[in-house]
Amino acid sequence: MAVRGAPEACTVDQLLMEPAPRATDGIGNPDWLRSAQAGAPWALESMYTAHSDAVYGLCYRLLCRHEDAEDAVQTTFIKAFRSIGRFRGECALKTWLHRIAVNQSIEILRKRKSSPLELIEDACGLDDSHHLAERLAVQEALRGVRRDHYVVLVLRFWQQLSYDEIADLLRVPLSTVKMRLKRAKDEFRSVYGESDERH
């Protein structure tokens, strides 16, 4: 598959890959969890401060609309605050929050009458028109893939999660993640190729 102006060796992985900052829990107080589960305002605020940016980034990558991402973040933390008492530390706090965020984002996608992906705003700052055209082409292709494929592509290539992290986040077997990602990449490759031919 030839990419507009790109070397023939360019792969689906290279097309989709975009660096994303990795967040850490950042909550060092050993009494934090117990205090959060007791409803202490400082502990809940610490959780929000430490994780809200990463949660927003994930929601925005999935939803591509600031308003929807903000709504997803708000709902994610409301649900997290209400259910923090049931958090037992069986996974990382970040994974637990991101699981809620992914589910909420998927719910918003389901409720959309149509789900056009808007141009990711950081691409608008590109000076190179070729790179901007390529980003637009990638996003156009992503509009055409199945929702579950779209989600796994975002988690792998934008959020840069490992297969194990995606399996943990989506609560599916590792083999399912590998198969879903393979099918997602195949579907993206097909849709991207069709889009390229139309132009």
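This is a predicted model: local features need pLDDT of at least 70, side-chain atom pairs count only at pLDDT 80 or more; totals for chains, interfaces and linings use all residues.
The expected span of a helix is 1.5 Å times one less than its number of residues.

The protein chain has nine helices and zero strands. Read along the sequence, the pattern is α-α-α-α-α-α-α-α-α. Of the 199 residues in the chain, 44% are buried. Now take the contacts between residues at least 6 apart in sequence: 70% of these join residues at least 24 apart.

Now to helix H4. Residues 66–83 form this helix, 18 residues in all. From its first C-alpha to its last, H4 reaches 26 Å, close to the 26 Å expected at 1.5 Å a residue.

Which residues of H4 are buried? They are Asp68, Ala69, Ala72, Val73, Thr76, Phe77, Ala80 and Ser83. Seen down the axis of H4, these buried residues fall within an arc of 160°, so they line one face of the helix. An α-helix has 3.6 residues a turn, so residues three or four places apart point the same way.

What do the buried residues of H4 pack against? Their partners are helix H3, residues 41–63, and helix H5, residues 93–111. On the other side of H4, Glu67, Gln74 and Arg82 are exposed.

How many of the lining residues are charged? Six are charged, while three are nonpolar and two are polar. The volume of the pocket is about 230 Å³. As for how such space is found in general, rolling a probe the size of a water molecule over the atoms shows where empty space is left.

Is His149 buried or exposed? The cut-off for buried is under 20% relative accessible area. His149 has a relative accessible area of 6%, so it counts as buried.

What does His149 touch, leaving out residues up to four places away in sequence? It touches Arg180, Arg183, Ala184 and Glu187. Take Arg180 from that list. Along the chain, His149 and Arg180 are 31 residues apart, and their C-alpha atoms are separated by 6.6 Å.

That is the end of the tour.

Conventions. Residues are numbered from 1 along each chain as its sequence is written. Side-chain values use heavy atoms; hydrogens and water are left out. On a 1 Å grid over the protein atoms alone, a cavity is a set of points where a 1.4 Å probe fits but cannot get out, and a pocket is an open set with protein on both sides within 12 Å along at least five of seven lines; lining residues have an atom within 4 Å of a point. Grid points are joined across faces, edges and corners, and a volume is the space filled by probe spheres set on the points. Ala, Val, Leu, Ile, Met, Phe, Trp, Tyr, Cys and Pro count as nonpolar, Asp, Glu, Lys and Arg as charged, and the others, Gly among them, as polar. Helices (H or I, at least four residues) and strands (E, at least two) are DSSP runs, numbered from the N terminus. Buried means under 20% relative accessible area, exposed over 50%, partly exposed in between (1.4 Å probe, protein chains only). The arc is that of the directions from the helix axis to the C-beta atoms. Contact means heavy atoms within 4.5 Å.
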